[in-house]
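I opened my notebook to record what I looked up, one entry at a time. The chain and its model come first, and my notes follow.

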Amino acid sequence: TTAIGKKVSSREVEPMLRNIPFIEDCAYIQAFDAKKKPMPILIAVKKQGAALTEQQIIEFLAQKMAKDKLPVQVLFVDGIPKTVSGAINRAKLRMLYGGI
């Protein structure tokens, strides 16, 4: 994922988020805005009954990583698509959410 000129690995961000007790699953992907500019976004699944906001997640990450690597948007979804082997299906996520 590219964050304002810097390469950011999903392996760098996702483990931090999985340590938040209210997050069940997450994926950090690159999306594109209306001008086709790349921007990192976070797709997250909240645990049932969790009251967690986009701002809380960004504030949590801001304490752990450089500001220019933070996602520009957090989308809450019901589930993260997986491949047959159980890995995150990033291609499907980019297809669904890549053109924000």
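In which sense do strands S3 and S4 pair, and over how many bridges? I looked this up in what is a predicted model. Strand S3 and strand S4 pair in the antiparallel sense, over nine bridges. S3 covers residues 23-32, and S4 covers residues 38-46.

Next I followed one bridge across the pair. Tyrosine 28 has leucine 42 in S4 as its bridge partner.

I then looked at the hairpin of S3 and S4. Five residues lie between the strands. In this hairpin, lysine 36 has a positive phi near 65 degrees.

Is strand S3 mostly covered or mostly open? I found seven of its ten residues buried, so by the cut-off of under 20% relative accessible area S3 is mostly covered.

I moved on to helix H1, which runs over residues 10-18 and holds serine 10. Serine 10 counts as buried because its relative accessibility is 15%, and the cut-off for buried is under 20%. I set aside its neighbours within four places in sequence and noted that serine 10 is in contact with Pro15, Tyr28 and Arg90.

How many salt bridges does a search of the whole structure find? The search gives five. I wrote up some of them.

One of them joins the side chains of glutamate 12 and lysine 69, at 3.1 Å from N to O. Glutamate 12 counts as partly exposed because its relative accessibility is 32%.

Another salt bridge joins the side chains of glutamate 14 and arginine 90, at 2.9 Å from N to O. Glutamate 14 is in helix H1 and arginine 90 is in helix H3, 76 residues apart, and I noted this pair too as a link between distant parts of the chain. Glutamate 14 has a relative accessible area of 5%, so glutamate 14 is buried. Arginine 90 has 23%, so arginine 90 is partly exposed.

I also noted the salt bridge between the side chains of arginine 18 and aspartate 25, at 3.5 Å from N to O. Arginine 18 is partly exposed because its relative accessibility is 37%. Aspartate 25, at 13%, counts as buried.

Which residues do shared partners join into one network? My last entry lists Glu14, Arg18, Asp25, Lys82 and Arg90, joined by salt bridges that share partners.

Definitions and conventions. Residues are numbered from 1 along each chain as its sequence is written. This is a predicted model: local features need pLDDT of at least 70, side-chain atom pairs count only at pLDDT 80 or more; totals for chains, interfaces and linings use all residues. Side-chain values use heavy atoms; hydrogens and water are left out. Buried means under 20% relative accessible area, exposed over 50%, partly exposed in between (1.4 Å probe, protein chains only). Helices (H or I, at least four residues) and strands (E, at least two) are DSSP runs, numbered from the N terminus. Two strands pair if DSSP finds at least two bridges between them. Contact means heavy atoms within 4.5 Å. A salt bridge is a side-chain nitrogen of Lys or Arg within 4 Å of a carboxyl oxygen of Asp or Glu.
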